[in-house]
Amino acid sequence: MMTCPEVRDLAGLYALEALAEAQRRDLETHLDACPTCWEELASLRRVVGVVGYGVPQPVLPPELKARLFRRLEGEPVGAERPSRPFAVDPSILGLGGPDADPWRRVALGLGAVVVLACAWGGYQTWQAARYGAERDERAVAQKQVEERLVRSTAVIRELREERERLALLKAKDVQIMTLSGQRALPGATARLAWSQAEQSWLLTADHLPPAVGARTYQLWAATDKSKVSLGVFQSNPDGRAVLKAFLPEIDGKPMAALVTLEPAGGSAQPSGDIVLMGLWQGDGGR
Amino acid sequence: MAQPEAFADTDDRELLQRVAARDLDALAALYDRYAQPLYALACRILGSTVEAEESIIDLFQLIWQTGGRDDGTAGPVDAWLFALVRKRCLERLKQVKQQGRRLTESCAEANGASVRFQAERQEVIRTALATLPEGQREVLELAYYKGLKDHEIALVADRPAAEVQAQARQGLARLDHLLSHLWGVLGR
């Protein structure tokens with residue numbers, strides 16, 4: 001049977017369902033007898049359970065739901081629909097009487113078939129129109145609800161972002177650096193705040209015109225060993241940019257922060273004009 | 001059919017119980033809640049809108065036919081749905097390859113205004129994934145989105161199996177740490 005250290009080594013792959021069958025079985029045999037390893041694995045599996053949220057979100061086709069429910073209409077869903085619109089007593093049409101003329105019976109029979117076919121067709125059309133109207137009403141109502149939800153979500157997101165920004169600025173270890181506009185954009189200004197405790201940084205820039213063409217702004221942390229990209233961003237038409245992200249692990253002693261103009265998508269290393277720069281002051285100037 | 005807001009306060013488990021009791025409105029509510037992120041994951045795995053749409057229809061049809069949950073665990077419903085759609089998409093991808101078909105419809109990336117309940121969660125997890133060291137992220141992506149086994153990952157990523165093991169474990173542990181921290185900040 002596997003030992004605990006062996007299980008620990010394989011825990012990540014197991015949680016990702018990336019182990020070969022035999023290894024997976026061995027590991028599960030161990031888990032059945034080891035609550036400690038089970039606990040440890042539970043946290044990794046919990047993470048795998050939400051990884052799916054991390055992908056870009058192509059817009060869900062709005063008609064997909066209607067397609068699903070059209071397909072389900074073929075399934076038994078509980079509510080019974082009438083198998084036929086109404087019942088007809090044949091004697092009403094003179095089809096059942098013992099004295100009926102055979103030709104008359106045939107003629108009346110054919111007539112009855114035509115009448116029934118027309119009635120059934122009319123009923124189907126009426127049903128289709130009714131269900132169509134209900135579906136349209138549902139679609140309109142659903143669209144309204146979705147629009148309200150989108151608006152509410154945007155407001156909630158703004159509030160949360162504001163709260164995050166405040167949390168960072170109120171952190172005890174917050175460091176703040178002022179970045180000045182360089183030759184390319186002398187009027188631009190920015191402040192960069194970061195906190196190890198909050199594990200994040202916040203940049204607020206002003207007088208930074210939107211990057212034109214297929215270009216973007218990119219923020220860098222420069223150390224005595226390397227320059228690390230902190231992220232790419234665009235400014236608003238009013239020249240303002242506010243963005244916040246995680247603080248990456250930075251190798252070396254911090255020296256400066258730069259904003260450069262780079263091709264869309266950003267660069268691996270700074271290659272374009274430096275538009276903003278601030279130098280590390282040791283205590284961060286707070 | 002009941003309006004979506006009728007289920008706004010109904011939690012996922014109760015929704016599933018109602019689906020099991022043949023409540024079509026509950027299935028519609030479950031769809032409204034999770035079809036978007038599930039579709040996004042299907043698109044990411046299959047790279048085709050046509051196949052992704054079919055996967056989503058198949059998934060909800062399966063849930064309706066089987067009457068809800070069948071994995072016998074008590075974990076979160078969203079994790080179960082992601083696992084289900086991932087498994088079905090990886091199987092579908094395998095079939096496509098076996099049949100020698102080519103998927104031509106591409107999934108265009110978009111910042112869906114259609115993302116709703118999970119918008120905040122999506123942003124947080126995407127950001128957390130982006131902060132992982134490249135090697136760890138690559139191992140996670142090859143395993144999760146491509147369904148590769150450890151030896152295949154080692155081959156594709158051109159690194160020793162022991163390194164793949166370590167990167168899978170460290171990557172998930174780091175994500176766990178980051179997400180715990182972020183949920184804390186967001187008051188979740």
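## Chain A: fold composition and cysteines

The secondary structure of chain A comprises 5 helices and 8 strands, where helices (H or I, at least four residues) and strands (E, at least two) are DSSP runs numbered from the N terminus. This is a predicted model, in which local features need pLDDT of at least 70, side-chain atom pairs count only at pLDDT 80 or more, and totals for chains, interfaces and linings use all residues. Residues are numbered from 1 along each chain as its sequence is written, chains are lettered from A in the order in which they are written, and side-chain values use heavy atoms, with hydrogens and water left out.

Read from the N terminus, the elements of chain A follow the order α-α-α-α-α-β-β-β-β-β-β-β-β.

Of the 286 residues in chain A, 35% are buried (under 20% relative accessible area, with exposed over 50% and partly exposed in between; 1.4 Å probe, protein chains only). The accessible surface (Shrake-Rupley method, 1.4 Å probe) is about 16,900 Å², and carbon and sulfur atoms contribute 57% of it. Among contacts (heavy atoms within 4.5 Å) with a separation of 6 or more in chain A, 59% join residues 24 or more positions apart.

The whole structure contains 0 disulfides over all chains, a disulfide being a pair of cysteine sulfur atoms within 2.5 Å. Two cysteines illustrate this result.
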